[in-house]
Amino acid sequence: MDPFRFTIQARSGRARVGLLTTPHGRVETPLFMPVGTQGSVKGLLPKDLKAIGSQVLLANTYHLLLRPGPERVQALGGLHRFAGWDGPWLTDSGGFQVMSLGHLRRIDEEGVVFQSHLDGSLIRLTPERSIAIQEALGADFIMAFDECPPYPSSPEYLKASLERTLRWLERSLKAKTRPDQALFGIAQGGTDAGLRALSTRETLRFDLPGYAIGGLAVGETKEEMFPMVALSTEILPEAKPRYLMGVGHPEDLVAAMGLGVDLFDSVYPTRTGRFGSALVPEGRINLKNAQYLEDKRPLEEGCDCYACQTFSRAYIAHLVRAEEMLGGILLSLHNLRFLHRLTERAREAIRQGSYGAFAREFAERRFGKEI
Ligand SMILES: Nc1nc2c(CCNCC3CCCCC3)c3[nH]c(NCCc4ccccc4)nc3cc2c(=O)[nH]1
């Protein structure tokens, strides 16, 4: 039996509820994946992540390669045992982080050479090495080694880059040895409709358990990004999960779920939480703002998370000003719960066949009035 079966449970327009089976349990989509870059979702305990509805966690080849090293994680039982999360893990292939974090020294047919952002040592990542690392880490979902072109890029660069990413996908697939891991291909093509369609179609020539929409949320406008998402989900097969990488903001999840995207990840909710902001239906409130120092209300009326059930905005505003760790912890917890509640409500609306009404109500509250 296929260890990564994906079945559609309900539809509403192009939105769908899916059931995704993995060796570490079944998950319901659409879902948001908290980012645990270095094997930990910053400031949050795995048991608390479970309690707020987190299903799949994300870690990263680039960071874990530099520290503690994949051999150590493997020797210590792999990511699930090492990091105390027995649900599904997804690892990104490292290419993106090299572009955005490391000091990229060279990119060529073989792979990339970069300087570690930790100690400046030279490191080479190839499709083969990325897959070997992800196999050692032991995630359930692993990503093909790809290049996420910078934004903006010329059509010539986009075309050459997507063609290389397709050759790297073939090499990633050849390097794969574990049947208990699902390799996702990543489509590129930037915001050029013809190249996006070309890359998506060529990626589909590989029969894979799921497909990622890459190369977006890298600085392009929403007006450029969403037509590419729509184009991608028109081409990608209904029967396979679609993963929009690096997205993100609540309103972007609502729009993308309506376009048939199933999986999301972003550092946004935890990063903005650590910086003192809470996600609320109207948008975002920054607790550094003095107006909250007397505010007895919870971060969000009606939120069932521990932060909202236990503390006032005034207390959390105090913690943020005092630079108490608990401030960022409570805001990260709430922000992730906010996104998990959003996807829970989305799944319910899809089951009721009323995703359109759900999206309209969300947009009304988010954009209807100033905070
Ligand atoms: N392979 C690959 N990864 C991509 C990623 C990383 C997804 N998150 C992984 C996660 C692993 C653990 C460490 C953190 C990342 C992207 N992230 C974004 N936008 C987010 C841009 C963003 C948004 C908010 C804040 C910072 C950056 N576009 C992306 C495109 C690609 C892509 O084509 N290929």
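Visitor: By class, which residues make up the shell around the ligand?
Guide: The shell has 10 nonpolar, eight polar and four charged residues. Ala, Val, Leu, Ile, Met, Phe, Trp, Tyr, Cys and Pro count as nonpolar, Asp, Glu, Lys and Arg as charged, and the others, Gly among them, as polar. This is a predicted model, in which local features need pLDDT of at least 70 and side-chain atom pairs count only at pLDDT 80 or more, while totals for chains, interfaces and linings use all residues. Residues are numbered from 1 along each chain as its sequence is written, and side-chain values use heavy atoms, with hydrogens and water left out.

Visitor: Which residues come nearest to the ligand?
Guide: Asp92, Asp146, Gly215, Leu216 and Asp265 do, out of 22 residues around the ligand (one heavy atom within 4 Å qualifies a residue).

Visitor: How much of the ligand does the protein bury?
Guide: The protein buries 84% of the 720 Å² that the ligand exposes when taken alone (Shrake-Rupley method, 1.4 Å probe; for residues, only the protein chains shown count as cover).

Visitor: Turning to Gln55, what does its side chain reach?
Guide: The Gln55 side chain reaches the backbone nitrogen of Glu28 at 2.9 Å.

Visitor: And which residues is Gln55 in contact with?
Guide: Beyond neighbours within four places in sequence, Gln55 is in contact (heavy atoms within 4.5 Å) with residues including Val27, Trp85 and Arg347.

Methods. Polar contact = N/O pair within 3.5 Å; in protein donor to acceptor, adjacent residues only side chain to side chain.
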